[in-house]
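Please keep the sequence and the model in view while reading.

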Amino acid sequence: MLARMAHDSDRPSAGHQHGCDHDCQTCGAAPVSGLAACPFCRAAYAGTTPGVTCPGCTGVNLQGRTLCAQCNGSLTRNCVFCNAASLLNLPQCSRCHEAFAGAEERKRARAAGRAPTTNADPTGAGIFNTLNSILKS
Ligand SMILES: [Zn+2]
Ligand SMILES: [Zn+2]
Ligand SMILES: [Zn+2]
C-alpha cells in the first residue's frame with residue numbers, strides 16, 4: 001500500500017502520454033508499424049528507410065520487407081527463369097540477374113529457339129559495300 005502510493009507520487013506529470021514512437025508529424029495519424037511513410041498523407045516517417053511501395057494499397061513499406069505491412073500483400077515477384085522471389089523494386093532477378101523488363105518475351109523466344117543473334121554476314125559484302133560508298137562519296 002504505502003509502496004504503491006510512493007510510486008505514484010514520484011510521477012507528478014502522469015498526464016503526459018506523448019512519445020509512443022512517432023505519430024505522423026503532418027496529419028497526426030498513428031504510425032503503421034512496418035511502413036516507412038504515413039499511409040494517409042504520404043509523409044515519410046523520420047528515421048526510416050523506404051523499401052517497396054505496395055502495388056495493392058500503395059503503402060510505402062520499410063526496406064527489406066517482403067509482405068506489405070498494411071494489406072499483407074506480396075512485395076515480391078518470381079523470376080520466370082529461375083523462379084526465385086525478388087523484391088518488386090529490384091530491376092532484375094536477385095539470383096540469376098535476368099532483367100524483369102521483357103523477361104516473359106525473352107523466355108518465350110528462347111523456348112522457341114529464336115534467341116536473338118547478331119546477323120553475321122558470311123560474305124562480308126555488307127562491309128565492302130559500305131566502304132565502297134564511303135570511298136565514292
Ligand atoms: Zn500523415
Ligand atoms: Zn499493401
Ligand atoms: Zn532468376
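## Overall fold

Read along the sequence, the protein chain follows the pattern α-β-β-β-β-α-α. It therefore has three helices and four strands, where helices (H or I, at least four residues) and strands (E, at least two) are DSSP runs numbered from the N terminus. This is a predicted model, in which local features need pLDDT of at least 70 and side-chain atom pairs count only at pLDDT 80 or more, while totals for chains, interfaces and linings use all residues. Residues are numbered from 1 along each chain as its sequence is written, and chains are lettered from A and ligands numbered from 1 in the order in which they are written.

Of the 137 residues in the protein chain, 12% are buried. A residue is called buried if 20 or more other C-beta atoms lie within 10 Å of its own, exposed if 12 or fewer, and partly exposed in between, with C-beta atoms placed from the backbone. Two residues are in contact if their C-beta atoms, placed from the backbone, lie within 7 Å. Among contacts between residues at least 6 apart in sequence, 19% join residues at least 24 apart.

## Confidence of the model

The predictor's confidence in each residue is given as pLDDT, from 0 to 100. The protein chain has a mean pLDDT of 83, and 70% of its residues reach 70 or more. Over residues 8–20, however, the pLDDT is below 50, and beyond near neighbours in sequence this stretch has zero contacts in the model.

## The nonpolar core

A nonpolar core is a set of buried Ala, Val, Leu, Ile, Met, Phe, Trp, Tyr and Cys residues joined through C-beta atoms within 7 Å. In soluble globular proteins, nonpolar side chains tend to be buried together. The largest such core here has 11 residues, including L35, A36, A37, Y45, V60 and L75.

L35 is in contact with G59, V60, N61, L62, A69 and Q70, when neighbours within four places in sequence are left aside. A37 is found in the loop between α1 and β1, and it counts as buried because 21 C-beta neighbours lie inside 10 Å. Not counting residues up to four places away in sequence, A37 touches R42, A43, A44, Y45, P50 and V60. The C-alpha atoms of A37 and V60 are 5.6 Å apart, although these residues are 23 apart in sequence.

How do β1 and β2 pair, and over how many bridges? The two strands pair in the antiparallel sense over two bridges; strands are said to pair if DSSP finds at least two bridges between them. T53 has V60 in β2 as its bridge partner. The strands form a hairpin with six residues between them, and T58 in the turn has a positive phi of about 60 degrees.

P50 is placed in strand β1. P50 is partly exposed because it has 15 C-beta neighbours inside 10 Å. Leaving aside neighbours within four places in sequence, P50 is in contact with A36, A37, A44, V60 and Q63. P50 and V60 are 10 residues apart in sequence and 6.3 Å apart from C-alpha to C-alpha.

## Residues in the loops

T48 lies in the loop between α1 and β1, where it is partly exposed, with 17 other C-beta atoms within 10 Å. T48 touches A36 and L62, not counting residues up to four places away in sequence. In the loop between β2 and β3 lies T66, which is also partly exposed, with 14 other C-beta atoms within 10 Å. T66 touches L75, T76 and L87 when residues up to four places away in sequence are not counted.

Some loop residues have a positive phi. R42, in the loop between α1 (2–9) and β1 (50–53), has a phi near 70 degrees, a positive value in a residue other than glycine. N72, in the loop between β2 (60–62) and β3 (76–78), has a positive phi of about 65 degrees although it is not a glycine. N72 counts as exposed because it has 10 C-beta neighbours inside 10 Å.

## Helix α2

Is helix α2 largely in the open or largely buried? Of its nine residues (103–111), the number buried is zero, so helix α2 lies largely in the open. Just after α2, G113 takes a positive phi of about 70 degrees.
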